[in-house]
Amino acid sequence: MQLFAPLVAIVALASQVSAHFTLQYIWVNGKDNGYNVGFRVPPNNNPVTDVTSTDLTCNVGGLSGSGVSTIPITAGSNITLEWHQHAQRTGEDPISGGHKGPVIVYVAKAPSDASSFDGQGAVWTKVYQSGLAYHPNQLDASSQQWATDVVNANEGKHSFTFPKSLPNGNYLIRGEIIALHVAQSYPGAQLYIGCAQVSVTGGGSASPTKIALPGAYKPTDPGITVNIYNNLQNYTIPGGPVWSG
Ligand SMILES: *[C@@H]1O[C@H](CO)[C@@H](O)[C@H](O)[C@H]1NC(C)=O
Ligand SMILES: *[C@@H]1O[C@H](CO)[C@@H](O)[C@H](O)[C@H]1NC(C)=O
Ligand SMILES: [Cu+2]
């Protein structure tokens, strides 16, 4: 009997943790770089819920990438990010089906090495977003299908083009999935974040729009504190529009 309560607690904790996920793979033009390679790996698969915390930048412990490899890419490449609950690609949903919300990608240019870049200040440019499938920034109210449903159906993957016009140098690529199943009050929205380090060649000379993370998101944003189970007709993805390139 004395063993029973701790066992129940462990089982409850395990089922809770299994609902969460991390960003684990970055593919470049269809080539997979391997499990966690190039990533600032967080201590566990829990979400960030405080949008004013520096954990919003690159997840817990993500302000430096010491010891993390930096992956060479060419500007204009097709970059695929792949998410999973645990260190396994099969046997469970990539992200658990109850997690509904937008999928967003930002990039930030490092002053020098990606590994020593903390990503603070107005340095982030939004290069991809999907709220409701195929209708950026707008809910497909008839299906109530979210970007997360598409990622789940696509083995945990979503792709974007690293803008050809961005200057050469080291960058962080920040993937983000916001799960809104308990976002009716704040804190509630679950922000899943992963940062990969890349070095870019073949780029241009554009100066893109930039925002700060943390900074750009507010607890009162309609895309952060929202009830998605009330016949939602529109959804405003946080962080503003995608930079046009
Ligand atoms: C990008 O790469 C992914 C993964 O290989 C592939 O499924 C997708 O079709 C590619 N997208 C484009 C626009 O080439
Ligand atoms: C939906 O649009 C209305 C009117 O523009 C706005 O007030 C509301 O915040 C939006 N809801 C979401 C969840 O973005
Ligand atoms: Cu979860």
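C58 and C195 form a disulfide in this predicted model, with their sulfur atoms 2.1 Å apart; a disulfide is taken here as a pair of cysteine sulfur atoms within 2.5 Å. A search of the whole structure finds one disulfide. The torsion about the S-S bond of C58 and C195 is about -85°, so the disulfide is left-handed. C58 belongs to helix α2 (residues 55–58) and C195 to strand β9 (residues 190–201), so the pair ties together parts that are 137 residues apart in sequence. Helices (H or I, at least four residues) and strands (E, at least two) are DSSP runs, numbered from the N terminus. Both C58 and C195 are buried, where buried means under 20% relative accessible area, exposed means over 50%, and partly exposed lies in between (1.4 Å probe, protein chains only).

Residues are numbered from 1 along each chain as its sequence is written, while chains are lettered from A and ligands numbered from 1 in the order in which they are written. In this predicted model local features need pLDDT of at least 70, side-chain atom pairs count only at pLDDT 80 or more, and totals for chains, interfaces and linings use all residues; side-chain values use heavy atoms, with hydrogens and water left out.

The protein chain contains three helices and ten strands. From the N terminus on, its elements run α-β-β-α-β-β-β-β-α-β-β-β-β. Of the 245 residues of the protein chain, 49% count as buried.

Six strands form an open sheet with mixed pairing, in the order β3-β9-β8-β5-β6-β10; two strands pair if DSSP finds at least two bridges between them. The edge strands of this sheet are β3 (71–74) and β10 (211–212), each of which pairs on one side only. Strand β9, which holds C195, stands between β3 and β8 in the strand order. Strand β5 (residues 103–109) pairs with strand β8 (residues 169–179) in the antiparallel sense, over seven bridges. I104 has E176 in β8 as its bridge partner.

Another open sheet has four strands in the order β2-β1-β4-β7, with antiparallel pairing. Its edges are β2 (31–32) and β7 (157–161), each with a single partner strand, so one side of each is left without a neighbour in the sheet. Strand β1 (residues 22–28) and β2 run antiparallel and are joined by two bridges. The bridge partner of W27 in β2 is D32. H84 is placed in strand β4 (residues 78–84) and, at 2% relative accessibility, counts as buried. The side chains of H84 and E82 are joined by a polar contact of 2.7 Å. A polar contact is a pair of N or O atoms within 3.5 Å; within protein, one must be able to donate a hydrogen and the other to accept it, and residues adjacent in sequence count only if both atoms are side-chain atoms.

G121 is placed in the loop between β5 and β6 (122–130). At 35% relative accessibility, G121 counts as partly exposed. The C-alpha atoms of G121 and P214 are separated by 8.0 Å, although these residues are 93 residues apart along the chain.

The residues around ligand 1 are G30, N78, T80 and S159, a residue being counted as near if one of its heavy atoms lies within 4 Å. A polar side-chain atom of N78 lies 2.4 Å from an oxygen atom of ligand 1. For T80, an N or O atom in the side chain is 3.4 Å from an oxygen atom of ligand 1. Taken alone, ligand 1 exposes 360 Å², of which the protein buries 37%; accessible areas come from the Shrake-Rupley method with a 1.4 Å probe, and for residues only the protein chains shown count as cover. The shell around ligand 1 divides into no nonpolar, four polar and no charged residues. In this classification Ala, Val, Leu, Ile, Met, Phe, Trp, Tyr, Cys and Pro count as nonpolar, Asp, Glu, Lys and Arg as charged, and the others, Gly among them, as polar.

Ligand 2 is surrounded by P222, V226, N234, Y235 and T236. Polar side-chain atoms lie 2.3 Å from an oxygen atom of ligand 2 in the case of N234 and 2.7 Å from an oxygen atom of ligand 2 in the case of T236. Taken alone, ligand 2 exposes 360 Å², and the protein buries 47% of that. The shell around ligand 2 consists of three nonpolar, two polar and no charged residues.
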